Amino acid sequence: MDDFDYKEAIDRIKAAFPPGTVQKRGDNGRAYIPNQVYTDRVEEATGSRWNREIRDVEINIPHGFVKVVARVTIGEHYRDGIGFSEIEQDASGKGKSVSNKVDQAYAEAVREALDTWQIGWKNLAPYYQEEKDWAKNPALHHLLQSQAPGEAGRNSVMQARAVVEHYCIFAKCGKQLSRDEWDFLSLIPALNRDKMKFCFEHVPNHLKKKAPADVLKSYEEKFKPK
Ligand SMILES: [Zn+2]
């Protein structure tokens, strides 16, 4: 029988990386850990007994996006992640460098899936603590103290990550955007989401209608006013 110890593998995955692992993005200065570091960690922690695969790819050139669903399996457990990347059209309406964009979205989807096992959190928490919504979040304190969080704390930590820096610009709203709401803005063609930040409720209707119909429908279901 297989002697693979799932719990031990996950503990090794979650462990802090050496100093210097965290890098800063050139464009916005945000802290991140390179994908290759994650891959090496999972390889080492599982003794190569893990797998990643593409479950679904949607290439939507008219609406300018690639969406990839990836599954990461460790032992008998799997987690799915979703990655998006934007594609531009060339003059003839064809998508530019689509295969690169698929790779990019796939990498993001794998990262999202691995994130559910809390990879890199101990290293990244101190950076995000400086941002206003992290500093106030009691769910983060255990990460700063380098202790393993309990399951109960996990959702709030993940939400804190998800809403880390975008706020609805609609008058008097100012709501922090969830990851879903931020992703939605990327599905509206030609929208500059660095300026036009709206929570789903406040996305102007004429813009909402530009999103792919099936996506819009699922979001309307999800964000139905209670
Ligand atoms: Zn709003």
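**Hairpins and a helix**

Me: Strand 4 and strand 5 form a hairpin with two residues between them; which residue in the turn has a positive phi?
Reply: This is a predicted model: local features need pLDDT of at least 70, side-chain atom pairs count only at pLDDT 80 or more, and totals for chains, interfaces and linings use all residues. Numbering runs from 1 along each chain as its sequence is written, and side-chain values use heavy atoms, without hydrogens or water. In the turn, a positive phi of about 60° belongs to Gly-75.

Me: In strand 5, what is the bridge partner of Arg-71?
Reply: Strands here are DSSP runs of E with at least two residues, and helices are runs of H or I with at least four, numbered from the N terminus. Strand 4 and strand 5 (residues 77–86) pair in the antiparallel sense over 10 bridges, where pairing takes at least two DSSP bridges. Across from Arg-71 sits Asp-80.

Me: And which residue in strand 4 stands opposite Val-57?
Reply: Strand 3 (residues 50–60) also pairs with strand 4 (residues 65–74), antiparallel over 10 bridges. Opposite Val-57 you'll find Val-68.

Me: How many residues of strand 4 are buried?
Reply: Buried means under 20% relative accessible area with a 1.4 Å probe, counting protein chains only. Strand 4 is mostly covered. Of its 10 residues, the buried ones number eight.

Me: What arc do the buried residues of helix 1 cover around the axis?
Reply: In helix 1 (residues 6–14), the buried ones are Ala-9, Ile-10, Ile-13 and Lys-14. They're on the same side of helix 1 because their arc, taken from the directions from the axis to the C-beta atoms, is only 130°.

Methods
Buried means under 20% relative accessible area, exposed over 50%, partly exposed in between (1.4 Å probe, protein chains only).
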